[in-house]
Amino acid sequence: LPISAHAAINMWDPDALRAEIRLAEEIGVRLMVVHPYVFGGFLDQRAVDHDQVHGICDFAKDHGVMLALENLGLIGMSGLDRIFNVVGSDPLKTGLGVCIDTGHAWRSFQREAIPPIDFFRKFSDIVCEVHLNDNEGSEDLHLVPGDGTIDWEILAPEIRNLNHDTIICLELKTRGDPVAAMRRSRRFVLDNFT
């Protein structure tokens with residue numbers, strides 16, 4: 001089954017990340033989404049340790065787990081580029097692909113004028129997972145797609161053109177009825193991506 005997981009760790013701690021990768025292997029998870037912070041060097045501006053980053057990617061690959069680097073609204077495109085410049089951009093060789101979070105991409109647009117479509121166009125060949133959610137550009141609200149201000153008419157064709165085995169994750173938070181939110185999300189997906 002196409003099962004993915006999101007790493008719980010969100011900081012530079014290679015041993016803890018390796019433990020999560022081993023757990024993913026043990027329970028049959030073949031794709032683990034990670035934030036750029038797990039590769040170090042973002043919040044405190046220290047240099048990324050090339051050998052450590054390669055080592056983590058090789059470790060995951062050796063354990064049958066593909067890592068998917070998630071874009072974040074605070075570090076934007078540069079956060080992804082910084083890691084791929086170290087590792088390389090061929091997931092079959094590196095064991096590292098991309099997870100595009102639509103809400104994070106929208107926040108990057110508001111902060112750095114990077115249109116969300118640029119993430120899809122730049123990384124289309126290596127996208128493993130998409131986190132579908134919406135917001136109004138400033139906060140990571142995880143709204144039902146269509147409830148915020150993302151221009152889905154522009155993004156929908158890019159999402160439809162992704163590799164057929166790309167995992168689509170509805171990443172939602174709701175204060176209302178979660179079943180109703182899932183139903184509206186399902187309808188949105190069926191109307192826009194099938």
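**Entry 1: helices α1 and α2**

I first looked up how α1 passes α2, and I recorded a right-handed crossing (right-handed if the near helix is turned clockwise from the far one by less than a right angle, left-handed if anticlockwise). The model is a predicted one, in which local features need pLDDT of at least 70 and side-chain atom pairs count only at pLDDT 80 or more, while totals for chains, interfaces and linings use all residues. Residues are numbered from 1 along each chain as its sequence is written, and side-chain values use heavy atoms, with hydrogens and water left out.

I located α1 at residues 14-27 and α2 at residues 50-62; their axes lie 10 Å apart and the packing angle is about 15°. α1 is therefore roughly parallel to α2 (angles under 35 degrees are roughly parallel, over 145 roughly antiparallel, 65 to 115 roughly perpendicular, the rest oblique). Axes are lines fitted to C-alpha atoms, for helices over the stretch in contact, with angles from 0 to 180 degrees between N-to-C directions.

I then listed the residues that meet (contact is heavy atoms within 4.5 Å). From α1 they are Pro14, Leu17, Arg18, Ile21 and Arg22, and from α2 they are Gln52, Gly55, Ile56, Phe59 and Ala60. By class, I noted 6 nonpolar, 2 polar and 2 charged residues in this contact of α1 with α2 (Ala, Val, Leu, Ile, Met, Phe, Trp, Tyr, Cys and Pro are nonpolar; Asp, Glu, Lys and Arg are charged; the others, Gly among them, are polar).

**Entry 2: overall layout**

I recorded 8 helices and 6 strands for the protein (DSSP runs, helices H or I of at least four residues and strands E of at least two, numbered from the N terminus). Along the sequence I read the pattern β-α-β-α-β-α-α-β-α-α-β-α-β-α.

For the C-alpha trace I noted a span of about 45 × 35 × 30 Å along the principal axes. The radius of gyration is 16 Å, which agrees with the value near 16 Å for a compact globule of 194 residues (taken over C-alpha atoms; the rule is 2.2 Å times the number of residues to the power 0.38).

**Entry 3: the sheet**

I traced an open sheet of 6 strands with parallel pairing, in the order β1-β2-β3-β4-β5-β6 (a pair needs at least two DSSP bridges). At its edges I found β1 (4-6) and β6 (167-170), each pairing on one side only. From one strand to the next the twist averages 25°.

I followed β5 (residues 127-132) to β6: the two run parallel and are joined by 4 bridges. Histidine 131 has cysteine 169 of β6 as its bridge partner.

I also found that helix α3 (residues 76-87) lies across β3 (66-70) and β4 (96-101), at about 170° to β4.

**Entry 4: helix α6 and its neighbours**

I looked up α6 (residues 116-123) against α7 (residues 152-160): the axes come within 9 Å and cross at roughly 15°. α6 is thus roughly parallel to α7, and the crossing is left-handed. Pro116, Ile117, Phe120 and Arg121 of α6 make the contact with Ile154, Leu155, Glu158 and Ile159 of α7. I classed these as 6 nonpolar, no polar and 2 charged residues.

Against α5 (residues 102-112), I recorded that the axis of α6 comes within 7 Å and crosses at roughly 120°. Here Thr102, Ala105, Trp106, Ser108 and Phe109 of α5 meet Pro116, Phe119 and Phe120 of α6.
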